Amino acid sequence: MPNPRLTGLGSGLFCTAVMFLLACLLHLIGDGSVVAYGVLFVPVAALTALWVRPADLVTAPVAVPIAFAAGVLPVAEGTAGFGGQFMGVVTTLALQAGWLYGGTLLAGLIVTVRKIRLMVLRRQGRSTAPSARNGSGGGNGGGGAVGNTGAAGKRLPTA
């Protein structure tokens with residue numbers, strides 16, 4: 001399974017490009033089913049939330065609904081002209097809000113779980129790091145002399 005780490009901008013571009021390409025494919029294959037577009041949106045939103053790098057976790061739930069709205073253009077059922085097409089996009093977004101909210105909620109849930117997991121790992125790493133750094137095994141060295149170890153791991157005398 002690939003494990004790319006996308007930046008915040010990269011995750012937004014990934015999600016938008018995939019959703020637009022899927023909408024174009026749905027439009028070419030048949031009637032451009034908006035329900036099929038919504039169904040395909042949910043796994044793309046999940047992948048976006050899984051592949052965004054840890055520093056940019058907050059961007060995934062923001063980029064996902066923007067990608068849904070940008071990608072819906074080819075499958076929106078509007079009449080000729082800018083006004084008719086715009087009303088078709090607005091109507092499609094209103095009628096398919098369940099898929100939009102569901103995918104955004106899933107992305108937010110995945111990002112929240114990833115963030116909590118990162119915080120737990122950092123806390124566990126922080127609690128074990130001082131005893132490993134001062135070479136005293138259990139932190140019994142006293143005095144907080146973390147940086148006062150010699151090359152062989154022996155404590156150096158302090159003034």
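**Helix α1 crosses helix α2 in a right-handed manner (right-handed if the near helix is turned clockwise from the far one by less than a right angle, left-handed if anticlockwise).** The model is predicted, with local features requiring pLDDT of at least 70 and side-chain atom pairs counted only at pLDDT 80 or more, whereas totals for chains, interfaces and linings use all residues. Residues are numbered from 1 along each chain as its sequence is written, and side-chain values use heavy atoms, with hydrogens and water left out. The axes of α1 and α2 are 10 Å apart and pack at an angle of about 160° (axes are lines fitted to C-alpha atoms, for helices over the stretch in contact, and angles run from 0 to 180 degrees between N-to-C directions). The two helices, α1 and α2, are therefore roughly antiparallel (angles over 145 degrees; under 35 is roughly parallel, 65 to 115 roughly perpendicular and the rest oblique). From α1, Ser11, Phe14, Cys15, Val18, Met19, Leu22, Ala23 and Leu26 meet Ala36, Tyr37, Leu40, Phe41, Val44, Leu47, Thr48 and Trp51 of α2. This contact of α1 with α2 comprises 14 nonpolar, two polar and no charged residues (nonpolar: Ala, Val, Leu, Ile, Met, Phe, Trp, Tyr, Cys and Pro; charged: Asp, Glu, Lys and Arg; polar: the others, Gly among them).

**The protein contains five helices and zero strands (DSSP runs numbered from the N terminus: H or I of at least four residues for helices, E of at least two for strands).** Along the sequence, the pattern reads α-α-α-α-α. Of the 159 residues in the protein, 30% are buried (under 20% relative accessible area; exposed is over 50% and partly exposed lies in between, with a 1.4 Å probe and protein chains only). Among contacts with a separation of 6 or more, 66% join residues 24 or more positions apart (contact: heavy atoms within 4.5 Å).

**Helices α2 (residues 34-51) and α3 (residues 60-71) have axes that come within 10 Å and cross at roughly 150°.** Helices α2 and α3 are therefore roughly antiparallel to each other, and α2 passes α3 in a right-handed crossing. On the α2 side, the contact involves Tyr37, Gly38, Phe41, Ala45, Thr48 and Ala49; on the α3 side, it involves Ala60, Val64, Ala67, Phe68 and Gly71. Sorted by class, the contact of α2 with α3 has eight nonpolar, three polar and no charged residues.

**Helices α1 and α3 pack at about 30°, their axes being 8 Å apart.** This makes α1 roughly parallel to α3, and the crossing of α1 and α3 is right-handed. Gly12, Cys15, Thr16, Met19, Phe20 and Ala23 of α1 make the contact with Ala63, Val64, Ala67, Ala70 and Gly71 of α3.

**Phe20 lies in helix α1 (residues 8-29), and Ala70 lies in helix α3.** Phe20 counts as partly exposed because its relative accessibility is 36%. Ala70 is likewise partly exposed, with a relative accessible area of 28%. Neighbours within four places in sequence aside, Phe20 contacts Ala70, Gly71 and Pro74. With the corresponding neighbours left aside, Ala70 contacts Thr16 and Phe20. The C-alpha atoms of Phe20 and Ala67 are separated by 8.0 Å, although these residues are 47 apart along the chain. Ala70 and Ala17, which are 53 residues apart in sequence, lie 8.9 Å apart C-alpha to C-alpha.

**Glu77 is placed in the loop between α3 and α4 (82-95).** With a relative accessible area of 63%, Glu77 is exposed. Apart from neighbours within four places in sequence, Glu77 is in contact with Val34, Gly88 and Thr92. The C-alpha atoms of Glu77 and Gly88 are separated by 5.0 Å, and these residues are 11 apart along the chain.

**Cys15 is buried, at 0% relative accessibility, whereas Cys24 is partly exposed, with a relative accessible area of 25%.**
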